[in-house]
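Visitor: I have a model open here and would like to walk through it with you. Could you take me through it piece by piece?

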Amino acid sequence: MPSIISTRESIQWLPDEAGERSITVVLSSPGSRFVDLRPIIPSIVTPEESEFPFEWAFAGYEKGLKDDYSIMEFTHDFFDSSYIYKYQLFNKGLSNEKPLLKDIAADIGYFETIGIGKRRETGKMANSANGDKITDYVEIWQSLNPIKFTPSERAILHEDTDEGTTEYGCYVYDIIGDINKELYEGRVIRVGSWIQGLVWDKSDKISKVPISTIRLWFDESIGKWTDIHSFGNLKSFDNFPIFDDFKTVDVDNKFTTSDNKITWTCVEVEHPSK
């Protein structure tokens, strides 16, 4: 599959009405890696949510269970904020139950195309609003053009002319290696003019959810990356592999933060065709 950017237009927990409390954006690579960030719309964040103002933040791998990708599985055992929240409770002694990665529920969605670059996803998953009860849901997703999509212009992806004909440029950096992952876990993806990343700081025993995230857009008019939404103690640009172009990016390249705390490794790159 090509690199792609998707945004969620709505979610409906049946039998309730459809709505949207988040600004959900997913960046996916040709190698089926993804970063999915779902920050709550700032104006409606409650005091309880302010410590970690996200519906969800996770990363993993996409797997088509049918050749036409009408059934997809999204693995979360690479990175899942819900798991990390439970792990932090255990760390603080507020829970006697240590969460296990193998217990992260399967995330399987059933998709149908309903418009230009638009898909309806149905399935079942835990609904935090009703005590994590498994609930039927319907989500509407819109694919976006990775170059033309800006914070002020929601340019949809025209699959007949865009997808599969243009390589927008994509790179993926992960935190790998036993020593590195003892302290941090994370992933960064760039697709076209957008970057999303997340990192878990395992040394942070205080925060409710010790995760930092970035969502950046490259503003061609000024030639700089613009912070669209960042969160956490490690949200500084210096802590993530952020590059203006792809000339020096290749698989196995390393990026080490200025304080030498985190080393990222490039695990995938697709150089732009234009």
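Guide: Let me begin at the start of α1, where a side-chain oxygen of Asp 80 comes to within 2.8 Å of the backbone nitrogen of Ser 82. Please keep in mind throughout that this is a predicted model.

Visitor: Okay, and where does α1 lie?
Guide: Helix α1, which covers residues 81-91, lies across β4 and β5 and runs at about 30° to β5.

Visitor: Which residues of α1 are buried?
Guide: In α1 the buried residues are Ser 81, Tyr 83, Ile 84 and Gln 88. Viewed down the axis of α1, its buried residues fall within an arc of 150°, so they line one face of the helix. What covers these buried residues includes β4 and β5, and also β11 (194-201) and β12 (211-219).

Visitor: And just after α1, what does Gly 93 do?
Guide: Gly 93 takes a positive phi of about 80° there.

Visitor: Back to β4 and β5 for a second, how many bridges join them?
Guide: Six bridges join β4 (residues 54-64) to β5 (residues 71-80), and the two strands run antiparallel. As one point of reference along this pairing, Glu 62 stands opposite Phe 74 in β5.

Visitor: What do they belong to?
Guide: Both are part of a closed barrel of eight strands, which runs β1-β2-β3-β4-β5-β6-β7-β8 with antiparallel pairing. Neighbouring strands of this sheet are turned by 35° against each other on average, with direction ignored.

Visitor: What does Arg 8 touch?
Guide: Not counting residues up to four places away in sequence, Arg 8 touches Glu 20, Ser 22, Thr 24, Arg 38, Glu 55, Glu 139, Ile 140 and Trp 141. With Glu 55 there is a polar contact of 2.8 Å, which joins the side chains of the two residues.

Visitor: Changing topic: what is the order of the strands in the open sheet?
Guide: The open sheet of seven strands has the order β13-β12-β11-β10-β9-β15-β14, with antiparallel pairing. Its edge strands are β13 (224-231) and β14 (254-256), each of which pairs on one side only. On average, neighbouring strands of this sheet are turned by 20° against each other, direction ignored.

Visitor: How many residues of β10 are buried?
Guide: Eight of the eight residues of β10 (residues 184-191) are buried, so the strand is largely enclosed by the rest of the structure. Both faces are covered, with Tyr 184, Gly 186, Val 188 and Arg 190 buried on one side and Glu 185, Arg 187, Ile 189 and Val 191 buried on the other.

Visitor: And what about its partners?
Guide: Strand β9 (residues 170-174) pairs with β10 in the antiparallel sense over five bridges, and Val 172 stands opposite Ile 189 in β10. Eight bridges join β10 to β11, again antiparallel, with Val 188 opposite Gly 197 in β11. β10 and β11 form a hairpin with two residues between them, and Gly 192 in the turn has a positive phi of about 60°.

Visitor: Which residues other than glycine have a positive phi?
Guide: Asp 132 is one of them, with phi near 65°; Asp 132 is found in the loop between β7 (118-127) and β8 (133-144) and counts as partly exposed at 44% relative accessibility. Asn 260 also has a positive phi, of about 65°, and is found in the loop between β14 and β15. With a relative accessible area of 61%, Asn 260 is exposed.

Visitor: And how do β14 and β15 run?
Guide: β14 and β15 (residues 263-270) run antiparallel and are joined by three bridges, with Thr 263 in β15 as the bridge partner of Thr 256.

Notes
Residues numbered from 1 in each chain as written. Predicted model: local features only at pLDDT ≥ 70, side-chain atom pairs only at ≥ 80, totals over all residues. Heavy atoms only, no water. Pairing = 2+ DSSP bridges. Helix = DSSP H or I, 4+ residues; strand = E, 2+ residues; numbered from the N terminus. Axes fitted to C-alpha atoms, helices over the stretch in contact; angles between N-to-C directions. Contact = heavy atoms within 4.5 Å. Buried < 20%, exposed > 50% of the residue type's maximum accessible area, 1.4 Å probe, protein only. Arc of directions from axis to C-beta. Polar contact = N/O pair within 3.5 Å; in protein donor to acceptor, adjacent residues only side chain to side chain.
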